[in-house]
Amino acid sequence: MINIIKKIMAAIKFTCQTNNKAKHYEIHNRTYLAGGAIIREKIRKDTSSEFEGEMEIISEGGTLYREVKEFDLSTAATIIE
């Protein structure tokens, strides 16, 4: 008999703001690789010289949030729930 122990991690919901288009899409990629979901995405400016965007993300555990903060992918990241 095989005992399977499943760890249940809490979902974390956070917003992050970026001012760099490459970092914005890096957060996109990391979100999908981590099995998270982008709930809301708002791009305020997208010109050749300026970029400003915001995303609301939900993911399991705090790993994605920690990566966004530690790898300096966003200008601001705030936990909502």
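Tutor: Two strands are taken to pair if DSSP finds at least two bridges between them. Strands (E, at least two residues) and helices (H or I, at least four) are DSSP runs, numbered from the N terminus. The model is predicted, so local features need pLDDT of at least 70 and side-chain atom pairs count only at pLDDT 80 or more, while totals for chains, interfaces and linings use all residues. Residues are numbered from 1 along each chain as its sequence is written, and side-chain values use heavy atoms, with hydrogens and water left out.

E1 belongs to an open sheet of four strands in the order E2-E3-E1-E4, with antiparallel pairing. The edge strands, each pairing on one side only, are E2 (37-46) and E4 (76-79). On average, neighbouring strands of this sheet are turned by 15° against each other, direction ignored; axes are lines fitted to C-alpha atoms, for helices over the stretch in contact, and angles run from 0 to 180 degrees between N-to-C directions.

Eight bridges join E1 to E3 in the antiparallel sense, and Thr18 has Gly53 of E3 as its bridge partner.

Helix H1 (residues 21-33) lies across E1, E2 and E3 (51-60), and runs at about 170° to E2. Contact means heavy atoms within 4.5 Å. Because six of its eight residues are buried, E1 is largely enclosed by the rest of the structure; buried means under 20% relative accessible area, exposed over 50%, and partly exposed in between (1.4 Å probe, protein chains only).
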